[in-house]
Amino acid sequence: MATQPLPTFKTARRSRFALRWYTWLLLVAAIAYGVAFAMHWDDRGVLWVKEQFKSPAERQASVWLPDYRAVIDGKLLPGMEKDEASDLAYDPQTKTLFSVMGKNPFLVELTLQGDVLRKMPLVGWSNPEGVTVLGNGLLAIVDERSHLVTIVKVDADTRELNIANFAKYDLGPSKDQNKAFEGVTWDSQNQQLLLGEERPPALFAWKGDGRVLTGDKLKLASHALDMRNLSALAIDPRTGHMLVLSADSHLLMELDKKGEQVSFIALLGGFNGLKNTIPRAEGVTMDEAGNLYMVSEPNLFYRFEKKK
């Protein structure tokens, strides 16, 4: 007499499948959370929500990064494929840009369209990672490896710079000596040099008069720097707000004078006029008209303008 097969086999198969599906779901969720946490997407989400409640007057009084669009997207800097563009600074007197190259140390002057005007070898520098314009032909260059900031003089006839000829200031040790001072910008309103450590992100201020630095650097509150690393700093000359760039987080953030977050943009393909994600954004600066400029390793140039 025929007997019906017991259903235990199918039940076991369904149970194993359900367990396997549930395990994979948990694994994917854990990975997604880990990525979101590392990239600070939760914080970006909170800031994005806050941005929606900003009044037109508040937006007008800030840089307001969400309104910017790339008008020059990843222009190649010729002959610099192996040089690693590390920072960028705008000079209001010459209406040009200065960038440092970290791998093969030199200073390059660019037009506002990203055309190369001249290259100046940096003799004696190990790994220049930051540059800012102080005014009257003076620039400050940060060497991450040597933990030095050097104030140099550049004029129309400069063809080479030797570190032995200029005043140098010791930045002191960092928590991570291999991820030390990388960002620098001149805050003319408060007559101080602002410095940024790469990892963990931290801000410092060093008083000066644009020619020499006095006293010692002071650590600033850095609670708003919820990003994976700090690549560069810039000051908006109109509002005095600070721009903080993070290559690892693919992010540019605006902080107000109190150090609070105001706005941000993601440097990802498909956003803000970018066709592709900026590979490794290492430098940012802004001119008096509010135009934004960036450089990315190895040799890419970007210009952003605010939509009307």
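**Figure 1. Salt bridge between Arg 303 and Glu 305 in a predicted model.** Arg 303 and Glu 305 form a salt bridge, with 3.0 Å between the closest N and O atoms (a salt bridge is a side-chain nitrogen of Lys or Arg within 4 Å of a carboxyl oxygen of Asp or Glu). Arg 303 has a relative accessible area of 9% and is buried, whereas Glu 305, at 30%, is partly exposed (buried means under 20% relative accessible area, exposed over 50%, partly exposed in between, with a 1.4 Å probe and protein chains only). The model is predicted, so local features need pLDDT of at least 70 and side-chain atom pairs count only at pLDDT 80 or more, while totals for chains, interfaces and linings use all residues. Residues are numbered from 1 along each chain as its sequence is written, and side-chain values use heavy atoms, with hydrogens and water left out.

**Figure 2. Salt-bridge network that includes Glu 198 and Arg 280.** Salt bridges with shared partners join Glu 198, Arg 199, Asp 248, Arg 280 and Glu 282 into one network. The structure holds ten salt bridges. In the one between Glu 198 and Arg 280, the closest N and O atoms are 3.9 Å apart. Glu 198 lies in the loop between strand 12 (192-197) and strand 13, and Arg 280 in the loop between strand 18 (261-266) and strand 19, so the pair ties together parts 82 residues apart in sequence. Helices (H or I, at least four residues) and strands (E, at least two) are DSSP runs, numbered from the N terminus. Glu 198 is buried at 3% relative accessibility; Arg 280, with a relative accessible area of 23%, is partly exposed. Asp 248 is found in the loop between strand 16 and strand 17 (251-255) and is buried, with a relative accessible area of 14%. The side chains of Asp 248 and Arg 280 make a polar contact at 2.6 Å (a pair of N or O atoms within 3.5 Å; within protein, one must be able to donate a hydrogen and the other to accept it, and residues adjacent in sequence count only if both atoms are side-chain atoms).

**Figure 3. Salt bridge between Asp 209 and Arg 211.** The side chains of these two residues meet at 3.0 Å, N to O. Asp 209 is partly exposed at 32% relative accessibility, and Arg 211 is exposed at 54%. Side chains of opposite charge can pair when their charged atoms come close.

**Figure 4. Surroundings of Asn 291.** Asn 291 lies in the loop between strand 19 (281-286) and strand 20 (292-296). Its relative accessibility is 13%, so Asn 291 counts as buried. Leaving aside neighbours within four places in sequence, Asn 291 is in contact with Thr 285, Met 286, Arg 303, Phe 304 and Glu 305 (contact means heavy atoms within 4.5 Å).

**Figure 5. The largest nonpolar core and Phe 304.** This core has 21 residues, of which Leu 252, Leu 292, Met 294 and Phe 304 touch the most other members. A nonpolar core is a set of buried Ala, Val, Leu, Ile, Met, Phe, Trp, Tyr and Cys residues joined through side-chain atoms within 4.5 Å. At least two residues of the core come from each of strand 1 (68-76), strand 15 (232-235), strand 16 (242-246), strand 19, strand 20 and strand 21 (300-306). With neighbours within four places in sequence left aside, the contacts of Phe 304 include Tyr 68, Val 71, Leu 274, Ile 278, Asn 291, Leu 292 and Met 294. A second, separate core of 17 residues includes Leu 138, Ala 140, Leu 193 and Phe 204.

**Figure 6. Aromatic pair of Tyr 169 and Trp 206.** The whole structure contains three aromatic pairs. In this one the ring centres are 5.8 Å apart and the planes are at 70°, so the pair is edge-to-face. Rings of Phe, Tyr and Trp (its six-membered ring) pair if their centres lie within 6.5 Å; planes under 30 degrees apart count as stacked, over 60 as edge-to-face and the rest as tilted. Tyr 169 in strand 10 (residues 167-170) and Trp 206 in strand 13 (residues 202-207) are 37 residues apart, and the pair links distant parts of the chain. Both Tyr 169 and Trp 206 are buried.

**Figure 7. Loop residue Leu 112.** Leu 112 is placed in the loop between strand 4 (106-110) and strand 5 (116-123). The C-alpha atoms of Leu 112 and Lys 95 are separated by 7.5 Å, with the two residues 17 apart along the chain. Not counting residues up to four places away in sequence, Leu 112 touches residues including Ile 72, Tyr 90, Lys 95, Tyr 293, Phe 301 and Arg 303.
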